[in-house]
Amino acid sequence: MTRIHPDSVTLNDYVDDALPEKERAAVDSHVASCASCREMVSGLRSVVVAAAALQPAEPPRAAWARIEREIRRQSGGRLAPRWRWLAAAATLVLATFAGLKLAGVWQKPAAPVIAAPA
Ligand SMILES: [Zn+2]
C-alpha cells in the first residue's frame, strides 16, 4: 500500500481511466486500503455518471436578443462602450463553445493502448 494519498489530479485521472498501468495499479492498491481515498473516488465517479447523463445545453436563439434589448432599455436606448465589449465577449464565448462542440473536443479520449509484454 502506498502510504501517501494520491493527489486530486491523480484520483481524477484514475477515475477517468487515464493513468499509465503501473500508476493505476499503485492507486488501485492504495484505494483498496484507504477509506478516505475510496470515498473520494466514489464521489468522483458519481460526478462522472451525473455529468454523462446531462444533455448538451444550447442557449435559446432569442436569449442574446432579449439580453441586448434589456441592456438597451436600461441604458436609455444605446449600449454604453462597456456593454459593447461585454456583448462582443459574450458572442465570442458562445461561438467558441459552439465551435468546440462541433469539433468534438468534449468527447472522452480513447483509452490508452497498452502493449502486451513480448
Ligand atoms: Zn488515501
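This is a predicted model: local features need pLDDT of at least 70, side-chain atom pairs count only at pLDDT 80 or more; totals for chains, interfaces and linings use all residues.
View 1. Of its 118 residues, 6% count as buried. Among contacts between residues at least 6 apart in sequence, 57% join residues at least 24 apart.

**View 2. The largest nonpolar core.** Leu11, Tyr14, Leu19, Val27 and Val31 make up this core of 5 residues. Helices α1 (8-15) and α2 (21-33) each supply at least two of the core residues.

**View 3. Surroundings of Leu19.** Leu19 is one of the residues of the largest nonpolar core. With its neighbours within four places in sequence left aside, Leu19 is in contact with Asp13, Tyr14, Arg24 and Val27. Among these partners, Tyr14 and Val27 also belong to the core.

**View 4. Helix α3.** Helix α3 covers residues 35-52, which makes 18 residues. At 1.5 Å a residue, α3 should span 26 Å, and its end C-alpha atoms are 26 Å apart, so the two values agree. The count of buried residues in α3 is 0, and the helix is hardly covered.

View 5. Helix α4 runs over residues 63-74 and has 12 residues. From its first C-alpha to its last, α4 reaches 17 Å, close to the 16 Å expected at 1.5 Å a residue. The number of buried residues in α4 is 0, so this helix lies largely in the open. Just after α4, Gly76 takes a positive phi of about 80 degrees.

Methods:
Residues are numbered from 1 along each chain as its sequence is written. A nonpolar core is a set of buried Ala, Val, Leu, Ile, Met, Phe, Trp, Tyr and Cys residues joined through C-beta atoms within 7 Å. A residue is buried if 20 or more other C-beta atoms lie within 10 Å of its own, exposed if 12 or fewer, and partly exposed in between; C-beta atoms are placed from the backbone. Helices (H or I, at least four residues) and strands (E, at least two) are DSSP runs, numbered from the N terminus. Two residues are in contact if their C-beta atoms, placed from the backbone, lie within 7 Å. The expected span of a helix is 1.5 Å times one less than its number of residues.
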